[in-house]
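Please keep the sequence and the structure in view while reading.

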Amino acid sequence: LFSWIGGSGRVSNIVIKNTSVTGSIRAAGLSGVNDGKVTNATVTGQITGSDDVGGIIASNNGELQTSAARITVSAMGSQLGGLVGSNLGKIISSSADSQINGSVSLSNGASYVGGVTGLNQGYIRDVSVKTAVNGTSSVGGIAGWNIRGDVINSSVTGSVNGSTKVGGLVGRNQNATIAYS
């Protein structure tokens, strides 16, 4: 729907049903990049891309609150998640009911696949995920790779499958915090 939501941009109370998005880099149901604030967004459907692919937002530098995705996300590259492909911002009080399928074609073997986000360098709080996550490396129910990020009071039900660095909450946790989850 949007390529970019700017820093002062606000999107709220939006429902996108049965969407089918096919792209390459930064494919998502609502926005490729979010630098603003998204609240009460719901997305259902299927998203397919290569890198930085998310159910609602591909690359989140802003805030995603009280939002939900019931989505299938598929990608051949890295950084894919049920809500957000990569997160440097905040994801609060949101949920995902998702099927995440990632296979990697990169020489370094890093896929970063998660039920919420593939790569978290931001803040995730009060998020619930019902998911089936499938990836290669750095695969987790919440985040594939949590680097200098926070995951607080969040939960996962479902399955998480991968080859290396696989975890129920986080596949790879580096200089990061996980609490009450």
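The paragraphs below treat a sheet, then an aromatic pair and its surroundings.

The model is predicted: local features require pLDDT of at least 70, side-chain atom pairs count only at pLDDT 80 or more, and totals for chains, interfaces and linings use all residues. Residues are numbered from 1 along each chain as its sequence is written, and side-chain values use heavy atoms, with hydrogens and water left out.

Five strands form an open sheet in the order S5-S9-S13-S17-S21, with parallel pairing. Helices (H or I, at least four residues) and strands (E, at least two) are DSSP runs, numbered from the N terminus, and two strands pair if DSSP finds at least two bridges between them. Strand S5 (53–54) and strand S21 (164–167) are the edge strands, each pairing on one side only. Within the sheet, strand S9 (residues 80–81) runs parallel to S13 and is joined to it by two bridges; leucine 80 has valine 113 of S13 as its bridge partner.

Rings of Phe, Tyr and Trp (its six-membered ring) pair if their centres lie within 6.5 Å; planes under 30 degrees apart count as stacked, over 60 as edge-to-face and the rest as tilted. By this rule there is one aromatic pair. Tyrosine 112 and tryptophan 145 form this tilted pair, with 5.0 Å centre to centre and 35° between the planes. Tyrosine 112 belongs to the loop between strand S12 (95–102) and strand S13 (113–114), whereas tryptophan 145 lies in strand S18 (residues 143–147), 33 residues apart, so the pair links distant parts of the chain.

Buried means under 20% relative accessible area, exposed over 50%, and partly exposed in between (1.4 Å probe, protein chains only). Tyrosine 112 is buried because its relative accessible area is 13%, and tryptophan 145 also counts as buried, at 13% relative accessibility. Arginine 172 lies over the face of tryptophan 145, at 4.2 Å from the ring centre; a charge sits over a ring if NZ of Lys or CZ of Arg is within 6 Å of the ring centre and within 35 degrees of the ring normal.
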